[in-house]
Number of protein chains: 4
Amino acid sequence: VPVTTIAFAGMEGALAHAAVRGLPAAEHASLLPLPNVTSTIDAVRTGRADAALVPLENSVEGAVAATLDELANSAALVIREETYLSVSFGLMGRPGTVLANVSSVAAPTHVEAQVRRWLIDTLPTARVALVASTVAAVQAVADGECDAGVGAVFTSMLNGLDILAHDIAGTPPAVTRFVLLSRPMPPPERTGNDLTTLVAFLREDHYGDALLEILIEFGTRGINLTRIESRPTKNRIGDYCFSIDCEGHVDDARVGDAVAALRRVCADVRYLGSYPRQSGLQGPLPPGRSDSDFAESRSWLANIRESGTSQI
Amino acid sequence: VPVTTIAFAGMEGALAHAAVRGLPAAEHASLLPLPNVTSTIDAVRTGRADAALVPLENSVEGAVAATLDELANSAALVIREETYLSVSFGLMGRPGTVLANVSSVAAPTHVEAQVRRWLIDTLPTARVALVASTVAAVQAVADGECDAGVGAVFTSMLNGLDILAHDIAGTPPAVTRFVLLSRPMPPPERTGNDLTTLVAFLREDHYGDALLEILIEFGTRGINLTRIESRPTKNRIGDYCFSIDCEGHVDDARVGDAVAALRRVCADVRYLGSYPRQSGLQGPLPPGRSDSDFAESRSWLANIRESGTSQI
Amino acid sequence: VPVTTIAFAGMEGALAHAAVRGLPAAEHASLLPLPNVTSTIDAVRTGRADAALVPLENSVEGAVAATLDELANSAALVIREETYLSVSFGLMGRPGTVLANVSSVAAPTHVEAQVRRWLIDTLPTARVALVASTVAAVQAVADGECDAGVGAVFTSMLNGLDILAHDIAGTPPAVTRFVLLSRPMPPPERTGNDLTTLVAFLREDHYGDALLEILIEFGTRGINLTRIESRPTKNRIGDYCFSIDCEGHVDDARVGDAVAALRRVCADVRYLGSYPRQSGLQGPLPPGRSDSDFAESRSWLANIRESGTSQI
Amino acid sequence: VPVTTIAFAGMEGALAHAAVRGLPAAEHASLLPLPNVTSTIDAVRTGRADAALVPLENSVEGAVAATLDELANSAALVIREETYLSVSFGLMGRPGTVLANVSSVAAPTHVEAQVRRWLIDTLPTARVALVASTVAAVQAVADGECDAGVGAVFTSMLNGLDILAHDIAGTPPAVTRFVLLSRPMPPPERTGNDLTTLVAFLREDHYGDALLEILIEFGTRGINLTRIESRPTKNRIGDYCFSIDCEGHVDDARVGDAVAALRRVCADVRYLGSYPRQSGLQGPLPPGRSDSDFAESRSWLANIRESGTSQI
């Protein structure tokens with residue numbers, strides 16, 4: 001299925017723009033910038049775009065709530081790909097600006113946490129204006145609304161601004177993980193190093209026990225988790241679901257078996273796609289968890305049920 | 001399949017004889033008494049008998065090693081039925097015998113443990129002659145080889161002996177669980193209150209962990225165990241298998257799924273039959289473990305794999 | 001220790017202002033409004049305030065990242081109290097404003113997610129200006145910078161604005177959980193219905209297994225969890241810690257024992273306080289988990305070690 | 001405490017006699033042969049002997065029920081030492097006896113299971129007379145009561161009998177584990193490679209779950225089990241306790257902590273001694289389970305409770 005329109009959250013020159021341009025699928029696609037994650041995802045749901053690239057997690061802030069919540073609720077979408085972008089943030093100002101004179105700083109909402117500590121230490125009296133994106137921050141500086149703005153260093157040259165300070169988000173540079181979403185379709189072929197994303201809705205309030213139950217279903221099948229986030233289910237504090245990435249592909253016997261087991265022990269399970277993993281390698285499987293082990297044990301069971309014995 | 005010859009370990013008048021006569025299947029069968037468990041089981045393997053009734057466990061002594069080991073090794077057999085027999089043991093002597101004068105006691109090997117404490121307390125100086133069966137104990141008394149013999153109270157009248165002491169095995173009376181074995185054949189229909197018997201051979205030496213793994217496979221599927229025995233695998237101390245009874249029938253989805261999972265995590269699994277339970281009632285299933293839950297989760301998974309989404 | 005200055009994140013009239021005024025401790029305290037969570041927490045660390053009231057989680061957005069991260073890192077603080085505030089959000093405009101004419105909306109960053117869906121559905125073409133607080137949103141409307149602003153309904157009357165739409169954050173109203181922080185001091189007395197907050201830093205990357213290990217330490221001691229959040233440790237994607245609330249008080253034997261066990265199995269554990277629980281009731285303890293059970297088992301063990309036997 | 005009288009089950013020349021003579025403690029002790037395990041153990045309880053050497057398990061038969069049950073019930077004893085004896089069994093006859101003419105065989109009860117298969121295959125028509133010990137088997141042959149007897153090969157030369165067949169118990173030779181029991185006294189010093197023996201009585205009938213709970217208490221503390229046996233509690237079928245050997249010494253912090261935890265989750269726990277391990281080596285401890293880890297975590301907890309913070 002050739003993708004022809006890819007929506008992304010941000011404007012031209014923004015972080016997401018750099019991420020989307022790195023995708024092979026984007027080479028022959030038209031790119032559609034949209035103001036935020038929700039509208040970007042909606043563009044796929046309504047058919048205005050064929051795919052959407054949105055941030056899922058960040059090495060500093062953790063999960064991107066808007067993305068997780070859109071995926072867990074409303075019409076179903078699936079993750080087709082993941083991609084990582086490492087960004088070094090700096091403070092930018094109009095040419096001639098001196099750090100000591102900065103009294104107002106435009107900071108994008110999703111970046112502010114990463115630079116908060118630096119701003120409080122370095123510019124304790126500066127007013128921080130939260131803006132919607134790194135592009136908006138640059139614009140606020142260019143327009144003279146703020147003395148300085150927080151942005152990805154690579155964008156400063158596009159705008160004729162000076163870099164007043166480098167690496168203000170701390171070391172190491174923040175890494176953002178983006179996912180490419182589409183309307184439901186069968187997953188890409190297995191590569192042997194895949195991830196599967198799920199949302200598991202808990203059946204009950206005691207979610208220490210419910211979470212234990214979920215982890216055991218993965219653990220007994222030799223499946224490692226690479227991400228787990230609790231999310232409120234939009235009802236009340238204490239009603240949670242878990243957003244999960246696990247190693248393997250839904251077409252792997254052990255992963256399918258675990259997903260079906262979750263279906264039985266959870267109130268609900270939403271499958272959000274299997275796709276090639278871009279960061280890290282799947283470890284060796286413990287004995288007895290390969291596809292052929294599952295196939296053998298099932299035909300062995302079928303034979304017991306028919307013949308009445310396990311001894312051939 | 002009408003059973004026509006049923007072997008049992010013991011002679012006419014022995015405990016096993018009483019047990020076998022209580023079986024509906026025995027009504028039109030010829031009964032074949034044999035000297036011990038091994039030869040009784042062999043009679044089925046060689047075709048000399050169609051079924052064999054042997055003791056599996058006893059409320060005092062625990063597992064009957066000979067039965068467990070024959071089932072775990074050699075040619076495959078299956079359990080068709082279980083039955084329980086409660087026996088009160090007494091000390092029997094020739095008419096006129098006085099307890100104070102008893103200086104030798106014939107005790108069947110498999111009963112001796114139950115009456116050992118009583119004998120040591122009551123007849124501390126008496127010589128105990130271990131004999132092969134309760135019938136042999138009675139015979140040893142009748143023949144004058146011993147002053148008294150330990151036997152089931154119900155057999156004394158058959159032999160013209162006096163009861164010198166009642167209930168010498170302590171309170172409550174010992175209960176023996178017998179199983180009826182046959183060559184492999186499909187199990188009887190499910191009744192909703194069945195047991196399944198298995199032997200699980202461990203893959204590795206650390207069997208605290210291996211046993212944990214086995215218990216979790218049952219536990220996550222809501223299957224209660226009613227018996228678990230570790231048995232040496234006839235190699236060396238420390239090499240063990242586990243003999244297990246669990247609630248449910250191999251045709252139950254959850255039981256079949258657990259048995260197939262054991263097949264993957266264990267070095268080997270031997271299935272020994274599913275049959276109606278005669279003692280105790282299966283508790284309510286936790287949610288998500290019924291046959292329809294398994295069927296639903298599997299078709300749900302098949303749909304995900306085909307369509308790429310869990311949301312219909 | 002009487003609290004004399006309580007910092008809170010927000011201005012007078014803001015959500016946090018309403019929350020802080022509901023605290024008994026605030027009755028005789030001076031209140032110090034500060035622009036954001038980080039500076040509010042810093043005020044306690046530097047001694048400028050004696051306590052700080054900050055949001056910890058929200059029934060819609062989940063965890064408040066800034067609060068969790070400040071508690072997990074930098075100088076130690078403890079939670080003294082928790083309090084809940086339920087807020088109904090509305091859209092406010094200058095008198096005479098008509099919904100159909102609204103083309104720009106000021107929305108506080110932390111509220112925007114809750115009203116995002118309503119704004120996209122109702123005002124799809126409106127520009128959304130993210131501002132730092134509900135007070136700033138109201139101000140932006142009063143100043144004419146935006147046509148409408150999102151805020152707590154209770155603040156509209158303070159500002160002479162009209163309510164253009166009620167309950168725009170969906171039903172039920174969002175509940176925010178605030179915590180009162182202080183510099184370290186011994187916890188308040190046990191009440192029998194307490195919570196304890198911890199951060200557990202994982203020893204290894206395979207955090208499915210590490211999380212399982214943590215949950216088991218709570219589970220075996222009969223301790224229910226009421227919140228668990230994975231958080232990046234500010235190093236790289238995949239390096240996580242868990243922020244945890246559990247039932248009970250660190251002075252409860254079972255809680256202390258679990259916390260000490262976590263200390264052994266985790267890379268690090270940070271204790272963040274025990275305090276009376278304001279929402280929900282602790283369930284009955286399973287047998288063997290009371291303080292007296294712990295005391296009895298320890299003196300029993302000491303006696304074994306001294307005498308060489310468990311039988312008195 | 002110098003041991004001066006050691007009881008053992010068997011007569012001079014019997015298997016247990018060989019085992020007891022191998023004990024360093026036996027060098028200056030007088031040895032007291034007694035007819036069976038129960039009377040041997042009673043000799044220690046009554047003070048007639050200072051110690052008793054009895055078999056605990058056998059690589060073919062598994063647990064020795066009489067020993068386990070005596071240890072689990074009645075007055076408390078402790079295990080001071082373990083020792084292993086490997087025995088090759090043969091068939092012995094009076095000089096001139098030919099295997100083909102053997103029609104009666106005297107077999108000790110506790111050995112019969114090991115040679116049963118050989119006897120059925122080689123002497124299918126021979127009558128088997130169960131006798132109380134290997135010494136009694138030899139005596140029955142010498143007295144002409146049986147044509148042949150089953151015994152340890154090493155005893156034949158003592159009695160002037162011929163070996164009619166070697167290694168009839170199958171390969172490899174059976175190994176018996178003996179334990180030296182005494183009245184309660186503090187355990188020997190830790191060696192770094194010790195075992196601890198316990199009996200855990202279950203609180204409830206669902207012993208799949210109860211056993212899981214027990215295994216988890218060991219597993220979370222990094223303690224490997226080397227033996228676990230379910231035993232009926234002498235009440236009724238289904239009421240079980242578990243006889244357990246675990247790696248480590250009750251003076252090890254992790255073992256003491258696990259034993260105290262069992263005390264809380266079980267109906268009762270009986271401690272039966274810590275002693276140097278003679279077979280196998282303890283594996284490396286997982287991180288966080290050493291004595292110093294336990295000491296550190298406890299003083300860390302004490303500091304939290306006093307100061308209100310984990311951060312020094």
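Which backbone nitrogen lies 2.8 Å from a polar atom of the side chain of D:N193? The views below start there. This is a predicted model, in which local features need pLDDT of at least 70, side-chain atom pairs count only at pLDDT 80 or more, and totals for chains, interfaces and linings use all residues. Residues are numbered from 1 along each chain as its sequence is written, chains are lettered from A in the order in which they are written, and side-chain values use heavy atoms, without hydrogens and water.

View 1. The backbone nitrogen is that of D:Q282. D:N193 sits in the loop between strand 11 (174-182) and strand 12 (194-201) of chain D; strands are DSSP runs of E, at least two residues, and helices of H or I, at least four, numbered from the N terminus. Beyond four places in sequence, D:N193 touches D:P276, D:R277, D:G280, D:L281 and D:Q282 (contact: heavy atoms within 4.5 Å).

**View 2. Helix 5 of chain C, residues 134-142.** Its buried residues are C:T134, C:V135, C:A137, C:V138, C:A140 and C:V141. C:G144 follows helix 5, with a positive phi near 80°.

**View 3. C:F218 and its contacts.** Leaving aside neighbours within four places in sequence, C:F218 contacts C:L198, C:I223, C:L225, C:I244, C:C246, C:A258 and C:L262.

**View 4. Chain pairs without contact.** Chains B and C share no contact; their closest C-alpha atoms lie 13 Å apart. No contact joins chains A and D, with closest C-alpha atoms 13 Å apart.

Note on methods. Buried < 20%, exposed > 50% of the residue type's maximum accessible area, 1.4 Å probe, protein only. Polar contact = N/O pair within 3.5 Å; in protein donor to acceptor, adjacent residues only side chain to side chain.
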